[in-house]
Amino acid sequence: MTENTRYQAILADLDGTMNRGDVLIPGAKSRYEELSKRGIHWLFLSNNATCPAAHIAANVHRLGLDVSEDQVVNSAAALIHELTEEHAGAGVLVVGEAKLLDAMKQAGIRLVEEPDEADILVAAMDRTFTYDKLARAQAAIRRGALFWATNRDATLPVEGGLLPGAGSVVAAIATAAGREPDRVLGKPSPDMAELALAILGLPRAASLVVGDRMETDILFARNAGIDSALVLTGASSREDLPAFSYSPTHLFESIAEIDSLFD
């Protein structure tokens, strides 16, 4: 790494930035390997809360990137950190998938099933979402439970298009309960940035957020006080930019082009 390199770490999104579904974005692997060899640290920040960081790292590894568990911070990690550090012992009712619930159990979080036992209602991506789950979530919130969301991504980029994301589940619950979430743990909230910077041991000015969504990744960087690069391989297009009151620090067609920032 040369002396004039400003950024020492990349906080990269995954879906839409490094990959689309089960396929790496062209140039992602070579850019990851090249910059890693030059001493640039990579952390991958994902709003995916369907599984713990270890599972995400394993999935990325299967795509062809040599990524370890320690290089992944997701909204599930931010959620578990907040619950164990600030709300130990709280009864938590979760609308989410099995791997998220398993990770929460392993962290010692007290999970409940009945609305009247819930201190906190957590809404996450749930491909088994049902009317019964919606009704129980509504009841918990109306009985006074805090309403937390892992993220509000309306869609999930996959090869060939988009699928409904966690934000679609959150929106249904918010509509039924007549109330917006009290807290959102994933991007654009800066919670994951604080965890990432603590892991890296680097100042904000030495880090760069790279992502594909203006309303999550780039707003996340702005909220956390970190420079950003928008890549046009996912949710946001060049034509979308005028609709936002903020802008990315850098703009690239894809992750393959970011090496120009590290010359």
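Mentor: Let us take helix H6. In H6, the buried residues are Ala166, Gly167, Val169, Val170, Ile173, Ala174, Ala176 and Ala177. Keep in mind that this is a predicted model.

Start with the helix itself. H6 covers residues 166-177, which makes 12 residues. From the first C-alpha to the last, H6 reaches 17 Å. That is close to the 16 Å expected at 1.5 Å a residue. Just after H6 comes Gly178, with a positive phi of about 70°.

Now ask what covers those buried residues. The cover includes strands E6, E8 and E9, together with helix H5. Take H5 next. Helix H5 spans residues 131-142 and lies across E6, E8 and E9. Its direction is at about 145° to E6. Strand E9 is residues 146-149.

The strands belong to a sheet. It is an open sheet of 5 strands, in the order E7-E6-E8-E9-E12, and the pairing is parallel. Its edge strands are E7 (110-111) and E12, each of which pairs on one side only. In general, strands of a sheet pair through backbone hydrogen bonds, either parallel or antiparallel. Look inside the sheet at E6, residues 91-95, and E8, residues 120-123. These two strands pair in the parallel sense over 4 bridges.

Glu82 counts as buried because its relative accessible area is 13%. Arg183, at 24%, is partly exposed. Arg183 also forms a salt bridge with Asp191, where the closest N and O atoms are 2.5 Å apart. Asp191 has a relative accessible area of 19%, so it is buried.

Elsewhere, salt bridges that share partners join Arg31, Glu34, Arg38 and Asp259 into one network. Within it, Arg38 and Glu34 form a salt bridge, with their closest N and O atoms 3.0 Å apart. Arg38 counts as partly exposed because its relative accessibility is 27%. Glu34 is partly exposed too, at 29%. The structure as a whole holds 18 salt bridges.

End with another acidic residue, Asp227. It belongs to strand E14, residues 227-231. Asp227 is buried, since its relative accessible area is 19%. Its side chain makes a polar contact with the side chain of Arg6, at 3.3 Å. Set aside the neighbours within four places in sequence. Asp227 is then in contact with Arg6, Tyr7, Ser207, Leu208, Val209, Ala221 and Thr249.

Begin at the buried residues of H6. Move to what covers them, including E6, E8, H5 and E9. Then trace the sheet along E7-E6-E8-E9-E12.

Note on methods: Residues are numbered from 1 along each chain as its sequence is written. This is a predicted model: local features need pLDDT of at least 70, side-chain atom pairs count only at pLDDT 80 or more; totals for chains, interfaces and linings use all residues. Side-chain values use heavy atoms; hydrogens and water are left out. A salt bridge is a side-chain nitrogen of Lys or Arg within 4 Å of a carboxyl oxygen of Asp or Glu. Buried means under 20% relative accessible area, exposed over 50%, partly exposed in between (1.4 Å probe, protein chains only). Two strands pair if DSSP finds at least two bridges between them. Contact means heavy atoms within 4.5 Å. Axes are lines fitted to C-alpha atoms, for helices over the stretch in contact, and angles run from 0 to 180 degrees between N-to-C directions. The expected span of a helix is 1.5 Å times one less than its number of residues. A polar contact is a pair of N or O atoms within 3.5 Å; within protein, one must be able to donate a hydrogen and the other to accept it, and residues adjacent in sequence count only if both atoms are side-chain atoms.
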